Amino acid sequence: MPTDPRLFTAEVLRSERLAPSFQRVTVCGPELAGFEYNGFDHWFRLFLPPRAGLPLHLPAVAGRGWYKPYLAIPEGTRPHCSNYTVAGVRTIDGRTELDIDVVIHTDARGTVAGAVAIWATTTTPGSPVALLDQGTLFDPPTDMEGVHLVSDESGLPALRGILRHLGGHQSGTAIIEVPTAGDIEQLVAPAGVAVTWLTRDAGTDTGTGAVAGTAHAPAAAEHHSAPGRRALEALCETVTPHPRDYAFVVGESTLATEGRRALHRAGLPKSRITFSGFWKHTPHAHAAP
């Protein structure tokens with residue numbers, strides 16, 4: 001994490017459906033030219049206006065301090081804040097663009113739910129945003145042998161970036177659970193990392209978006225089972241870590257915490273496991289089919 005994180009202002013350039021469960025919002029702005037992308041799971045805090053059409057009031061940032069000034073902003077004008085991973089960044093004709101992949105959750109009626117999901121599906125070009133740089137969570141030890149990556153859909157951008165930036169000779173496993181087969185995508189990964197996609201829909205997994213050597217486990221019979229359940233089962237059943245391996249387990253909070261326990265029981269020291277619960281599943285919320 002940077003010792004002196006920078007807050008970048010930007011605006012929406014475009015928003016488009018990336019897959020059945022993902023919306024990609026691309027933002028741009030002159031300040032993003034100074035954003036130093038570190039690859040892997042580089043993440044940031046995303047600030048949005050509390051409601052569409054309202055101005056974006058931002059907290060003062062001093063070193064790593066921002067939360068107390070954030071809370072000091074009156075509730076009616078305080079921006080929404082959520083954590084996201086850089087899905088992609090590039091410079092085109094002197095303009096820096098940054099992609100944000102947002103999971104689309106729905107409520108029991110099938111309506112898009114959640115502040116960021118609603119924003120992502122309704123935002124218009126020119127809408128203001130801000131990004132507070134937070135660096136990377138992925139922090140393998142220098143003597144890492146194998147790597148084991150596990151996530152649900154909320155961690156897909158992080159795993160995508162990690163796999164892309166791992167050395168070409170790296171070995172290990174990656175288990176990725178997504179809501180539907182349509183969310184499976186083409187990944188750039190070292191040949192020695194076995195990537196397994198799992199889906200929660202009632203169909204069968206297909207080769208859509210597969211790369212050579214990618215495995216597709218059979219889909220669960222139960223439509224939209226609890227997010228992370230299948231990934232956790234696959235982790236427990238298939239991953240046998242070496243004591244000098246390193247693991248990165250993120251996503252729904254139960255997947256992260258139980259995944260860490262399973263890896264530790266299998267012999268991996270806790271100091272070699274990075275885990276983070278990105279969100280908490282509730283029975284009436286699920287990603288869009």
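The model is predicted: local features need pLDDT of at least 70 and side-chain atom pairs count only at pLDDT 80 or more, whereas totals for chains, interfaces and linings use all residues. Residues are numbered from 1 along each chain as its sequence is written, and side-chain values use heavy atoms, with hydrogens and water left out.

The chain has 5 helices and 15 strands (DSSP runs numbered from the N terminus: H or I of at least four residues, E of at least two). Of its 289 residues, 50% are buried (under 20% relative accessible area, 1.4 Å probe, protein chains only). Among contacts (heavy atoms within 4.5 Å) between residues at least 6 apart in sequence, 66% join residues at least 24 apart.

## Barrel

In the order β1-β2-β5-β4-β3-β8, 6 strands close into a barrel with antiparallel pairing (at least two DSSP bridges between two strands). The twist averages 45° from one strand to the next, with angles taken from 0 to 180 degrees between N-to-C directions of axes fitted to C-alpha atoms, for helices over the stretch in contact. Helix α3 (residues 156-165) packs on the sheet and touches β1 (7-19), β2 (22-28), β4 (80-92) and β5 (95-103); the direction of α3 makes about 40° with that of β4.

Strands β3 (residues 43-48) and β8 (residues 128-135) pair in the antiparallel sense over 5 bridges. F44 has D133 in β8 as its bridge partner.

## Helix α2

Helix α2 (residues 115-122) has V116, A117, W119 and A120 as its buried residues. Seen down the axis of α2, these residues fall within an arc of 160° and therefore line one face of the helix; the arc is that of the directions from the helix axis to the C-beta atoms.
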